[in-house]
Amino acid sequence: MLCGRWRSRRRREPPVPAQVAASVAFPPPPAPQDGSTRRPGLRALKKMGLTEDEDVHAMLRGSRLCKIRSRKWQKERLYRLQEDGLSVWFQRRIPRAPSQHIFFVQHIDTVREGHQSEGLRRFGGAFAPERCLTIAFKGRRKNLDLVAPTAEEAQRWVRGLAKLRARLDAMTQRERLDHWIHSYLHRADSNQDSKMSFKEIKSLLRMLNVDMNDMYAYCLFKECDRSNNERLEGAEIEEFLLRLLKRPELEEIFHRYSGEDRVLSAPELQEFLEDQGEDGATLAHAQQLIQTYELNETAKQHELMTLDGFMMYLLSPEGAALDQAHKHVFQDMDQPLAHYFISSSHNTYLTDSQIGGPSSTEAYVRAFAQGCRCVELDCWEGPGGEPIIYHGHTLTSKILFRDVVQVVRDHAFTLSPYPVILSLENHCGLEQQSVMARHLRTILGDMLVTQALDSENPEELPSPEQLKGRVLVKGKKLPGVRGEDGRILSDREEDEEEEEEEEEMEAVEQKRGAKQISPELSALVVYCCATRLRTLRPAPALSQPCHVSSLSERKAKKLIREAGNSFVRHNARQLTRVYPLGLRMNSANYSPQEMWNSGCQLVALNFQTPGYEMDLNAGRFLVNGQCGYILKPECLRRPDTDFDPECPGPPRTTLTIQVLTAQQLPKLNAEKPNSIVDPLVRIETHGVPVDCARKETNYVLNNGFNPRWGQTLQFQLRVPELVLVRFVVEDYDTASPNDFVGQFTLPLNSLKQGYRHIHLLSKDGASLSPATLFVHIQTQHS
């Protein structure tokens, strides 16, 4: 029973009631502000099984590594693994806020040895490759290029980070909770005496993102203070943590099925699985879950599941909202390319705005790491006979075409085996076009598609399965330099102006003379011949499957609005690429959903710009093994389809989501202990226009620890096979826009029913583990 109420921070409205439930909210801990060495928190590392590891111990002691930014900026800095085993502290010339002195192991994407980054290839030539390493991060954070004093020290960091990442990936959600809470205990224990005063407990609670009434907090403290000495230690601390980690809403569900004996038998667990709507809810499956998740060996031997085992199951991937069967390639990959949504990037080379931002080959590496299968190369005349890539007539920096092709060779198929399309925007003369063709052939070798796979049907698009491990070139094709109407064909993206101005620009271009296309480059264009879309062909017999049209978002929207079903039929037969308006100077994005509704395959976005648009893109391509290809719904594949996204018909599906609780929401300002979030949950559906909706809960005041809502949100959907569901958590504010806390987006068809945990992601797509939402999901089809 509560001894007090949550303290009001800044709201005049009456607070939404919140109960102390769930488990603990812990954002990643900041590092010490100075460079001093502390006694390692061996408890945390012991739980990871790494207390005796020599590499990890060397990282705890720290290393002086040289950070490389340019030929002139090369600074030695101290790097040291923190006691939690989850973050690395690093020295700065000018001290900043503690959170600005760390990076987290869970945010590392890859660790590369040697000169395997753009930075080290350009600026690290003076250092032996065996002393060099690159830490590449998920999201937008720049690579960290480092040089160790010796090859052995470099290897210690490479091996040590690999072990920490592997152990972190293998940890269950419950182990992560335990690990994180003890790392916070270590920080809150100000005098490091392994005892917790009430003042230190209050400090711990603020770290855990909860503003608890002093009276209630002291009641909880005293209930655990068995020795009655105003200090918690040993078993008393463990009891306090167990109380914090209680999940009353899970206990209620568990007791509903377990009955008076408070354990679940295999048949009782099977009943729960049936009510969840699980496929294959058999007795054998229930028995297998008990063997996998039950922690008590005696219970396991008797085929019983305790509350702890039940919580382990619901917090596991099998208990998550995403259908685990959809995490692997499960769709038919033998259909023509035009039958798939294909993950596509615009201005792939940019890492920031398209006016003055830097260009980098690392941007291509990151795009491929996110499952991108169609990347753009803006090719211009470069010095020394070498073509370059940059955003023409702007201040963006330049990179070599050759270097980008090498990155395609080395990184295009690390995540997905399915084909990559190189979308060439060609501004080069004949001589450097020939150089481009030579680089493509010599660097890519057999990866490059140079002739039709089926010589008897050269105009038919092959399937992703047939093109595994292959690279396609999208560009202009000889001999069709002029179209049937006499206009010049171009592989450049269409002008962004209105139709009348577009005609004027074309006239100027004709007078100047069109850029010629070299035969060598033309020969590499096999299945993706760039053409300008003037009219939609009325019959399938007149379609040209190997022609690809590039449309600005404005023209695509116009076709969707005016052509409707004709545009859908066109996209059932051949590829269409859509790209953002050139007026988006800051590289902002448009919503891709509208384009997917009409069957456009190559919906190109600025991958470097986070936001809900990229959340939708990540959600669309989250499934099917994250291979970058998603089979379109049947209504978008049939050549004679009558589907029109503007007139989809009556509702067919009711989606009902009960938002129950949240756990471990991150603090938005780690530097302000008293800054606690006031969370609300918004659920959005994205599909055809009439299926787009957003509904939200009330906010819970001052509680990112274990907020509780118990509110039900319902959606009526007409085309469920196109719907994406986005779960968003925000920090409510009366005077300004709400602050983003976390989100997760996935296709409705991959959303499992029943009681589920939603594992939240940050704005740039990184995991916020262990932050979760707990919901109940029900879908009813009419």
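**Aromatic pairs and buried positions in the predicted model**

Phe221 is buried, with a relative accessible area of 0% (buried means under 20% relative accessible area with a 1.4 Å probe, protein chains only). The model is predicted, so that local features need pLDDT of at least 70 and side-chain atom pairs count only at pLDDT 80 or more, whereas totals for chains, interfaces and linings use all residues. Residues are numbered from 1 along each chain as its sequence is written, and side-chain values use heavy atoms, with hydrogens and water left out.

The structure holds 17 aromatic pairs, a pair being rings of Phe, Tyr or Trp (its six-membered ring) with centres within 6.5 Å, counted as edge-to-face when the planes are over 60 degrees apart. The rings of Phe198 and Phe221 are edge-to-face, because their centres are 5.6 Å apart and their planes stand at 70°. Since Phe198 belongs to helix α6 (residues 198-207) and Phe221 to helix α7 (residues 214-224), this pair ties together parts 23 residues apart in sequence; helices are DSSP runs of H or I of at least four residues and strands are runs of E of at least two, numbered from the N terminus.

Thr576, located in strand β21 (residues 576-579), is likewise buried, with a relative accessible area of 0%. Its side chain is joined to that of Asn571 by a polar contact of 2.6 Å. Beyond its neighbours within four places in sequence, Thr576 is in contact with residues including Ser549, Phe567, His570 and Cys600, where contact means heavy atoms within 4.5 Å; a polar contact is a pair of N or O atoms within 3.5 Å, of which, within protein, one must be able to donate a hydrogen and the other to accept it, and residues adjacent in sequence count only if both atoms are side-chain atoms.

Technical notes: Buried means under 20% relative accessible area, exposed over 50%, partly exposed in between (1.4 Å probe, protein chains only). Rings of Phe, Tyr and Trp (its six-membered ring) pair if their centres lie within 6.5 Å; planes under 30 degrees apart count as stacked, over 60 as edge-to-face and the rest as tilted.
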